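Please look over the sequence and the fold before reading on.

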Amino acid sequence: MKIRKAMFATDFRSMTLSELKALFPLKEAGLEEIILYHVLHIEDVGFVPYGGFLKEAQEKLEAEALTRFKDWGKVVEEAGLKAQTLVKVGVPWRSILLTAQEEMVHLIALGTRRDDAEEPDLGSTVLKIVRHSEIPILIVKRNDNIFKNVLLPTDFSLPSEKAMGVVMELAPVVEKVELVHVLSEKEVKEFSPQGIELKANRAMENLNVYVQELAQLGLVAHAHVFVGNTAKEILRSAEDLEATLIVMGTTGKDAVKEFWMGSASHRVAELAQCSVLLVP
């Protein structure tokens, strides 16, 4: 799936013009339009049951948002992309998902809070969007060239295959791909050292197939197999391999377990220091 239309959803705290510019390289991979989107929370416009919104408060906040978007829109258009601005009233996570569906966007870009740089907090809005979205979610945590060095964790499941497909579509803006497969502690618990080595070798063979496919697109790719806690190993790999972006599927082999315990992808999205692209 090519990313031709993206939504840049901002509350003006976690996502600024700097993060918006991080999307511009996607033009080389087919991006044509960016929707600048802001949700006025119903509480901020004086919503009262059966009473609706306070029109004056709504108009004031809308004007403030649109004024900033007008300036940002010029920057988007100078980059050779179409800009659309939207400001709506509602519950942020629901409004973002509904509007993304209505506008048929291919990617939603979100940001993390800036309150504490050492302890990024995705916040309830972002987490709800991640859990319910049917399209890829890009969580922007840095504003440098986030597509330069991609870490692609895979468990060879369908969601991982979809994530691989997205990386292949991003080939024009990606320089290097680090493929990672983690043999979970539970998965190898009953295995002997020789059995673990055999399993790791098989995983490496599968990863090398991906390496060859990416090489055909002109991408430099390397394969890595680790043993341990899935989320921890992915996060460690991202730091060790200096990843600028982690791309991964949002569900794994055991969907029921991940629903109740929180998937590795959600954990990675919350704790990673680099940006994260989650593919449903």
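This is a predicted model: local features need pLDDT of at least 70, side-chain atom pairs count only at pLDDT 80 or more; totals for chains, interfaces and linings use all residues.

Residues are numbered from 1 along each chain as its sequence is written, and side-chain values use heavy atoms, with hydrogens and water left out. Helices (H or I, at least four residues) and strands (E, at least two) are DSSP runs, numbered from the N terminus.

**The sheet**

- Ten strands form an open sheet with mixed pairing, where a pair needs at least two DSSP bridges.
- The strand order is β3-β2-β1-β4-β5-β10-β9-β6-β7-β8.
- β3 (82-90) and β8 (220-228) are the edge strands; each has a single partner, so one side of each lacks a neighbour in the sheet.
- On average, neighbouring strands are turned by 20° against each other, direction ignored.
- β9 (residues 245-249) and β10 (residues 275-279) run parallel and are joined by five bridges.
- Leu 245 sits opposite Ser 275 of β10.

**Helices on the sheet**

- α3 (residues 92-102) lies across β1 (5-9), β2 (33-41), β3 and β4 (107-111).
- α3 runs at about 150° to β2; angles run from 0 to 180 degrees between N-to-C directions, and axes are lines fitted to C-alpha atoms, for helices over the stretch in contact.
- α4 (residues 123-132) touches β4, β5 (137-140) and β10 (contact: heavy atoms within 4.5 Å).
- The direction of α4 makes about 155° with that of β5.

**Helix pairs**

- The axes of α3 and α4 come within 8 Å and cross at roughly 40°.
- Pro 92, Trp 93, Ile 96 and Leu 97 of α3 meet Thr 125, Lys 128, Ile 129 and His 132 of α4.
- α5 (residues 158-169) and α6 (residues 193-215) pack at about 25°, with axes 11 Å apart.
- That angle makes α5 roughly parallel to α6.
- Glu 161, Met 164, Val 167 and Met 168 of α5 contact Tyr 210, Glu 213 and Leu 214 of α6.

**Aromatic pairs**

- The whole structure has five aromatic pairs (Phe, Tyr or six-membered Trp ring centres within 6.5 Å).
- Phe 8 and Trp 72 pair edge-to-face (planes over 60 degrees apart), at 6.2 Å centre to centre and 75° between planes.
- Phe 8 is in β1 and Trp 72 in α2 (residues 55-78), 64 residues apart.

Conventions: Angles under 35 degrees count as roughly parallel, over 145 as roughly antiparallel, 65 to 115 as roughly perpendicular and the rest as oblique. Rings of Phe, Tyr and Trp (its six-membered ring) pair if their centres lie within 6.5 Å; planes under 30 degrees apart count as stacked, over 60 as edge-to-face and the rest as tilted.
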